[in-house]
Amino acid sequence: MTPFLAEFLGTFLLILLGNGIVANVVLKLTKGSGSGWIEITTGWALAVYVGVLVAGPYSGAHINPAVTLSLAIGGLFEWQYVISYIVAQLLGAMLGSFMVWLTHKDHYNLTENIEGIKASFCTAPAIRNLPFNFLNEIVGTFVLLFAVFYITPPEIILEQEGTVNFGLGSLGAIPVAFVVWSIGLSLGGTTGYAINPARDLGPRIVYTFLPLKHKRDSDWAYAWVPIIGPIVGGTIAAVLYILLQ
């Protein structure tokens, strides 16, 4: 396992399970068809948990270009690895999205709701107003990254040795999952809370080329919002973190 492979696999699992829950809700004749927003936000939170617990020990589990860039700006990650991490994340997201289509192929063929089908790949706003859509992605990602900067490890205070930090193993992935869950429940209803450029761009590319039976255009005119918005939000979080140190 290398950091590159860890980011690839972590992002693959994130998208496989995250877009998988959307497909389960929106596609026809699945066991979870029509379940709703609570199931989607919970599924995405758990997808983050799985991606982070797999990649965490080897790469730090960024699984998000906005996280990688923000940590580099904040001085918590080396710039020389930024490009390789982002490439791994984008490729992992593409494979994850492809696997969602492959595992749900029969249901895609039965589903005629082209907007629902597209939603299982990439995000779209509930109300299309690009300045506000952009702002929503900035704010959502700011919350994510600002929380990430302040996640602290558990510690025990001993009389003789002082403070001793220790890890929680796979349970250490829970805080980030809870943050994403909170963002989805509170802020995600406006744009679908991409808060991750790879999460939107990779599946949008895959959607463009897949031979879907019922399909609309990929809406590349909107694609910059879930790409640039998270980068801006993460940058603001990093700068604020630096100023508060």
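I started with Leu 185, which sits in helix H8 (helices are DSSP runs of H or I, at least four residues, numbered from the N terminus). Leu 185 comes out partly exposed at 43% relative accessible area; partly exposed is the range between buried, under 20%, and exposed, over 50%, with a 1.4 Å probe and protein chains only.

The model is predicted, so I kept in mind that local features need pLDDT of at least 70 and side-chain atom pairs pLDDT 80 or more, while totals for chains, interfaces and linings use all residues. Numbering runs from 1 along each chain as its sequence is written, and side-chain values use heavy atoms, without hydrogens or water.

Next I looked up the core. The largest nonpolar core has 36 residues, and Leu 14, Trp 44 and Leu 144 have the most contacts inside it. Such a core is a set of buried Ala, Val, Leu, Ile, Met, Phe, Trp, Tyr and Cys residues joined through side-chain atoms within 4.5 Å. Among the helices that each supply at least two residues of this core are H1 (3–26), H2 and H8. I also noted a second, separate core of twelve residues, including Trp 101 and Phe 121.

Then I turned to Arg 204, in helix H9 (residues 197–209). Arg 204 counts as buried, at 0% relative accessibility. A polar atom of the Arg 204 side chain lies 3.3 Å from the backbone oxygen of Asp 219. Beyond its neighbours within four places in sequence, Arg 204 is in contact (heavy atoms within 4.5 Å) with residues including Lys 118, Cys 122, Trp 220 and Pro 226.

Technical notes
Polar contact = N/O pair within 3.5 Å; in protein donor to acceptor, adjacent residues only side chain to side chain.
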